[in-house]
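Here is a walk through the model below, one region at a time. Keep the viewer open and follow along.

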2 protein chains.
Amino acid sequence: MGSGMVENAAGRSVPRTVNGLDQVPYKGVGEHVPETAKHAPRIRSCRDYPASGDKRVANLATALEKCGLSDGMVISTHHHFRNGDQVALMALEAAAGLGAKDLMWFPSASFPCHEPVIDLMDRGVVHHIEGSMNGPLGRHCSEGKMRGLGVLRSHGGRWQAIQDGEVKIDIAVIAAPTADPFGNCDGSHGPSACGSLGFALADSVHAERVIVVTDNLVPFPCIPWQIQGNNVDYVVEVESVGDPSKIVSGTTQITKSPDRLLTAEYVARFIRDTGIMKDGFSFQAGAGGIALAFVQHLKEMMKAAGVKARFVRGGSTQYLVDLLKDELTDYILDGQTFDLAGVESIASDPRHVATSPFTSYNYHGKGNFASLVDATVLGATEVDVNFNANVVTHSDGVLLHGIGGWQNCLFAGCTILAIPSFRDRIPIIVDEVATVTGPSELIDVIVTERGVAINPRREDLLERVVGSDLPVRTIEEIKVEVEGIVGGPPQKAVLTDEPVAVVKWVDGTVLDTVWKVAD
Amino acid sequence: MGSGMVENAAGRSVPRTVNGLDQVPYKGVGEHVPETAKHAPRIRSCRDYPASGDKRVANLATALEKCGLSDGMVISTHHHFRNGDQVALMALEAAAGLGAKDLMWFPSASFPCHEPVIDLMDRGVVHHIEGSMNGPLGRHCSEGKMRGLGVLRSHGGRWQAIQDGEVKIDIAVIAAPTADPFGNCDGSHGPSACGSLGFALADSVHAERVIVVTDNLVPFPCIPWQIQGNNVDYVVEVESVGDPSKIVSGTTQITKSPDRLLTAEYVARFIRDTGIMKDGFSFQAGAGGIALAFVQHLKEMMKAAGVKARFVRGGSTQYLVDLLKDELTDYILDGQTFDLAGVESIASDPRHVATSPFTSYNYHGKGNFASLVDATVLGATEVDVNFNANVVTHSDGVLLHGIGGWQNCLFAGCTILAIPSFRDRIPIIVDEVATVTGPSELIDVIVTERGVAINPRREDLLERVVGSDLPVRTIEEIKVEVEGIVGGPPQKAVLTDEPVAVVKWVDGTVLDTVWKVAD
C-alpha cells in the first residue's frame with residue numbers, strides 16, 4: 001500500500017487525499033459522525049437583481065462572465081436529459097470560449113453524449129470530473145488520462161457532498177424544459193419535458209451562482225416551480241436544450257430473456273412469500289428490464305391478494321403509472337422520470353409526486369425516504385460470496401457506470417439484487433468484487449435465474465421463506481454451479497497500483513478505489 | 001441622544017446594540033450590502049433517526065427534552081392559526097414545566113390569544129419576544145415591562161434574519177393541520193386546515209431542531225408536504241392544535257363604511273386610469289375592509305375592459321378565489337390563507353399556489369416576487385407629509401401591530417396606501433409619524449375618502465392621472481382639510497427616552513425605535 005493510501009473498515013485501500021482534499025476513510029455503516037455545519041453560499045441582496053424580475057441575458061457566455069467565471073471553478077450540471085442533453089456541453093464550450101482553464105465539471109451524471117468533454121480535458125479547459133461517468137468518460141478515467149481523480153457519488157451522496165461543503169459549486173447550470181424570466185423552472189412541461197428536476201435542486205440551493213437555460217420561456221410565474229427563481233442569477237434562452245427522443249424514451253422495455261423473466265418472477269414471489277407484500281407496503285423498482293418485469297409479476301399478485309401499496313418509488317415508467325391508475329398504490333414518489341407515460345403522469349396527477357435526493361437519499365438529513373421503503377430491487381455488476389456488491393466497474397476493473405441511487409436504496413427494509421448469474425460467460429458471483437460499492441450488511445437477497453440466496457445475517461428472511469417453493473440456496477452453491485457451466489471463476493482484472501477514481505459512501509467517506517487499468 | 005443611540009439615514013435615533021447584538025443602522029433603501037454567508041445548522045445524520053421514519057414521541061415536553069432544551073434558547077412558532085393558535089402556548093408552557101428560563105420566543109406573529117405569555121415573562125420563563133406583537137403583548141412591551149427589546153420584523157425580514165443568522169433558532173415548533181410520522185406536513189387539509197404553512201418554512205430549514213405538532217396524523221407520505229420531514233426531528237400528536245373557528249374566518253367582510261367604500265373605489269379607479277390595469281398585470285390586496293372592497297371594484301372594471309391579470313397575491317379570500325374561478329387571473333400566489341374559501345381553493349386548485357416569505361419577500365435573495373407586483377394596496381396607522389408611513393404604533397406611540405408583509409410589499413411597481421383621513425377624530429396625515437415603518441421613497445400614493453395624493457417623486461404617475469376625474473390633491477391639502485374638521489393636528493405622543501423595541505428594515509438594519517410610553 002502506497003504512503004498516500006490507508007486501509008478502511010471495508011478492508012479496502014483508499015487514498016488519504018483526493019484532488020487536494022483530505023478524506024475520511026469509510027468507517028462502517030452509520031459509524032461516521034459529521035461534526036460541522038452545513039455549507040451555505042454568500043448572502044445576496046435584491047439590490048443587485050432587477051426589480052422587474054427579468055434575469056435574462058443574451059447567451060451562456062454572457063451569463064458565465066457575469067457569474068465571474070474564472071480558472072479552477074466548479075461548474076455543475078444535471079442529467080435529467082440523460083443521453084439527449086445538450087446544455088452541459090454548451091456551458092463547458094462557452095467557458096472554453098471565454099478562456100477558462102482547469103474547471104472541475106460536477107455533473108449529477110454524464111452519458112455517452114458527453115464524450116466531447118474528453119477533448120475539453122485534453123485542451124485543459126476541464127481538469128477533471130466528479131460525478132457518475134457512464135461509458136466513454138468512465139473508460140477515459142480508467143485509463144488514467146484524467147488529471148484529477150474521479151469521484152463517484154450516489155445521488156444522495158452528491159447532495160450530501162454539496163450540503164456539507166465537500167464540493168463547493170461556483171456556478172450551477174440548470175437546463176429547464178420550462179422557465180420564467182425570474183428563473184423559476186420546472187421539468188414536467190414544455191417540448192423537452194423530462195419530469196422531475198430533483199437532481200438540480202441541491203445545486204440551486206447551495207451554488208454561489210445559478211444559471212437557468214431553457215427552450216421554453218413562459219411569463220412569470222412558471223407554475224409549478226420545482227427550482228425557485230429566488231436562487232437563480234441569470235436566465236438564458238436557447239433554441240433547444242436537448243434531443244427529446246433521447247431525453248425520454250417513448251417506451252421502456254421489459255426484458256425478453258427467459259432467464260431474466262424467471263429472475264423477475266422469483267423476486268415477486270419472494271416479496272409475496274415473505275409477507276413483505278401486504279396492505280400499505282412500499283417498494284422501489286428501477287427501469288431495468290428485470291425490474292420492469294418484476295413489477296408486472298408483483299402487480300398480478302397484488303391484484304390476486306387484494307393488496308394495495310401506500311407508495312411506490314421509481315424511476316417512474318408506464319408500469320408504475322399503471323399501478324397508480326389501477327389504484328394499486330396511493331402514490332408514486334418519483335426520483336427520476338424515465339418515459340413519456342411518467343412525464344405525462346407527473347405533470348397531471350397530484351398523486352405522482354416529484355422527490356429530490358434530499359427527501360429520498362441524503363444520508364446527512366434527519367432521516368430520508370430510502371429506509372422507509374419495504375423492498376427495493378436493484379442490479380449489480382458483481383456480488384461476492386460475502387454479499388458485497390459492485391455497480392461501477394466490471395470484473396475487468398474498468399469504470400463504466402455511475403452509482404445512481406443504488407447505494408442509497410440499500411437502506412430499504414429488504415434490499416434485493418436481481419441479477420443474471422453470468423454475463424458473456426463471465427460469472428457474476430465472485431470471491432471478491434473489483435470495487436466495493438455496497439457493503440454486505442445492507443444487501444439482503446441475491447436473486448438469479450438459478451436460485452435465491454439470502455444473506456445469513458437476515459435470519460428473519462430465512463425463516464420467512466420456510467415452506468415457500470422458491471429455490472432458496474446458498475450463494476456459494478450458485479457460484480459453484482455457474483463456475484461449472486462457464487469453466488471456472490472469472491479472470492482477475494489486470495490493474496496498476498495507480499488510483500484513478502474513488503467511490504464515496506453515502507456519508508462522504510471513501511469506500512473504495514478504482515485503479516488504472518494496465519496498458 | 002443617549003450614548004447607546006445613533007442617528008440613521010432616516011434621521012431616526014436607534015440603538016447601537018439590541019439584546020446584546022451589535023446592529024447596523026438603516027442606511028437607505030438598497031444601501032446595505034451583506035458580506036457574510038448564510039447561516040446553516042449543523043449537519044445531521046440518518047444514523048441518529050429511526051430507519052422506520054417514525055419520529056413520534058409522547059408529548060411536547062418529551063420532544064423539547066430530546067431537543068436539548070436549555071436556558072436562554074430561541075424557541076420559534078408560527079402564526080398560521082392566528083388568534084386560534086394553541087400550540088405556541090402549549091410549547092412554552094411545556095418548556096416552563098421543564099424548568100427552562102430566559103427563553104427568547106420568536107413567533108412569526110403573536111395575537112391576543114397569546115396574552116398568557118405575559119405571565120411566562122413575569123415568571124422568567126420567557127425573557128423577551130422578537131416578532132410581531134398584536135394587541136396586549138404590544139402594550140406590555142410599550143410599557144417597558146419586557147426584559148429585552150422587542151424586535152419587529154416584516155415577514156421577509158424574519159426570513160432574512162433567520163437565513164442570515166441574525167436569529168439562530170434552537171428549536172422550532174411547527175403546528176401542522178396534517179402531518180405524517182416522518183414529519184412531512186401541510187396546512188391545506190385536516191380539521192384545523194389553515195392553508196399555506198409558508199411562515200414556518202425558514203424555521204424548518206434553518207433551526208437546529210424542529211418539532212412538528214399535529215392533530216391529524218396520516219400515514220407516510222403526507223402529500224403535499226410544504227414542510228419536509230427531512231428537516232424534522234420529532235413529531236407530537238395532540239388533541240387539537242387550535243380553534244378552527246378562529247384559525248380561519250368563515251367570511252371576511254367588505255367594509256360597510258361609505259367613506260371607506262369611496263376610498264376603495266378611488267383606488268380601483270386609480271389603477272385603471274393610470275393604465276396599470278392591463279392584460280397580464282398583477283396586484284396584491286390584503287384582507288382589510290378597504291382592500292376587499294377595492295378588489296370588487298377592480299373586478300368589475302377588469303370585466304368591463306376585458307382585462308385578465310397574470311397573477312394576484314393575497315392574503316387569499318373568497319374575493320381572490322372568485323377572480324380565479326371567473327378566469328380574471330391565471331394564478332393566485334398565496335402568502336397566507338384568510339378564509340375558508342381560500343383554504344378550499346389552495347387545497348384543490350393547482351392555479352392557487354402557496355408561496356413563502358422566501359419566494360415573496362426575502363430581500364436577501366436573488367430577487368423576490370414583491371417587486372414584480374404592479375400595484376399593491378396597503379393600510380397604515382399614520383402617514384407624514386413626506387410620505388413616510390407607520391404601521392406598528394398609533395399616534396400615541398403605543399405598539400399595537402406587527403409589520404406583516406407590509407414593508408416587503410412596498411417594493412411593488414406602485415404602492416398605494418388606502419386609509420381613512422382620520423380615525424376617532426385623530427388625523428392620519430401628520431407632520432412626522434411616531435414610528436417610521438416604511439420610507440417615503442417607496443410609498444407612491446395615498447388614497448383617502450378626501451382625495452388621492454401622489455408622491456411628487458412619482459412624476460410618471462402624476463402625468464398619467466392628467467385627464468382622470470379622480471380627486472388628485474397634494475397631501476398637504478388633505479392634511480389641512482382634515483385638521484380643519486377635527487380641530488387641529490393630533491396631540492404629540494408622551495413618550496420616555498427608553499427604547500422598548502426596534503423596527504427592522506427588510507435588510508436587517510434598524511429603521512426606527514419604539515419608545516416606552518410615559519406612565
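## A word on "buried"

A residue is called buried here if 20 or more other C-beta atoms lie within 10 Å of its own. Keep in mind that this is a predicted model.

With that cut-off in hand, take a look at strand S28 (residues 445–448) of chain B, which is covered on both faces. B:Val445 and B:Val447 are buried on one side, and B:Ile446 and B:Thr448 are buried on the other.

## The neighbours of S28 in chain B

What does S28(B) pair with? One partner is strand S24 (residues 414–418) of chain B, which pairs with S28(B) in the parallel sense over three bridges. Here B:Ile416 stands opposite B:Val445.

Another partner is strand S29 (residues 451–454) of chain B, and this pairing is antiparallel, over four bridges. B:Val447 has B:Val452 as its bridge partner in S29(B). S28(B) and S29(B) make a hairpin, with two residues between them.

## A buried strand and its crossovers

Now move to strand S18 (residues 309–316) of chain B. Seven of its eight residues are buried, so S18(B) is largely enclosed by the rest of the structure. Strand S17 (residues 282–285) of chain B runs parallel to S18(B), joined to it by three bridges. Strand S19 (residues 329–337) of chain B also runs parallel to S18(B), with six bridges joining the two. B:Val312 is a handy landmark: B:Phe283 stands opposite it, and in S19(B) its bridge partner is B:Ile332.

How does the chain get from one strand to the next? S17(B), helix H9 (residues 289–305) of chain B and S18(B) form a right-handed β-α-β unit. From S18(B) the chain then crosses through helix H10 (residues 318–325) of chain B to S19(B), in another β-α-β crossover that is right-handed.

## Inside helix H10

Which residues of H10(B) are buried? They include B:Tyr319, B:Leu320, B:Val321 and B:Leu324. In general, an α-helix has 3.6 residues a turn, so residues three or four places apart point the same way.

The cover over the buried residues of H10(B) includes H9, S18, S19, helix H11 (340–348) and strand S20 (352–354) of chain B. After the helix comes B:Glu327, which has a positive phi, near 60°.

B:Val482 sits in helix H15 (residues 475–486) of chain B. Is B:Val482 buried or exposed? It has 21 other C-beta atoms within 10 Å, so B:Val482 is buried.

Leaving out residues up to four places away in sequence, B:Val482 touches B:Ser421, B:Phe422, B:Pro427, B:Ile429 and B:Arg450. B:Leu378, by comparison, is 104 residues from B:Val482 in sequence and 21 Å away in space, C-alpha to C-alpha.

## A seven-strand sheet in chain A

Over in chain A there is an open sheet of seven strands with parallel pairing, in the order S5-S16-S15-S12-S6-S7-S9. Its edge strands are strand S5 (56–57) and strand S9 (126–129) of chain A, each pairing on one side only. Within the sheet, four bridges join strand S15 (residues 209–214) of chain A to strand S16 (residues 234–237) of chain A. One of the bridge partners is the pair A:Thr214 and A:Glu237.

Helix H2 (residues 87–97) of chain A lies across strand S6 (74–77), strand S7 (103–107), S9, strand S12 (171–176) and S15 of chain A. H2(A) runs at about 160° to S6(A).

## How the two chains meet

How many residues of chain A are in contact with chain B? The contact takes in 49 residues of chain A and 49 residues of chain B. Strand S18 (309–316), strand S19 (329–337) and helix H12 (357–360) of chain A each give two or more residues to that side. The side of chain A that touches chain B is made up of 23 nonpolar, 17 polar and nine charged residues.

Technical notes. Residues are numbered from 1 along each chain as its sequence is written. Chains are lettered from A and ligands numbered from 1 in the order in which they are written. This is a predicted model: local features need pLDDT of at least 70, side-chain atom pairs count only at pLDDT 80 or more; totals for chains, interfaces and linings use all residues. Two residues are in contact if their C-beta atoms, placed from the backbone, lie within 7 Å. Ala, Val, Leu, Ile, Met, Phe, Trp, Tyr, Cys and Pro count as nonpolar, Asp, Glu, Lys and Arg as charged, and the others, Gly among them, as polar. A residue is buried if 20 or more other C-beta atoms lie within 10 Å of its own, exposed if 12 or fewer, and partly exposed in between; C-beta atoms are placed from the backbone. Two strands pair if DSSP finds at least two bridges between them. A crossover is right-handed if, with the strands pointing away from the viewer, the path from the first strand over the helix to the second runs clockwise. Axes are lines fitted to C-alpha atoms, for helices over the stretch in contact, and angles run from 0 to 180 degrees between N-to-C directions.
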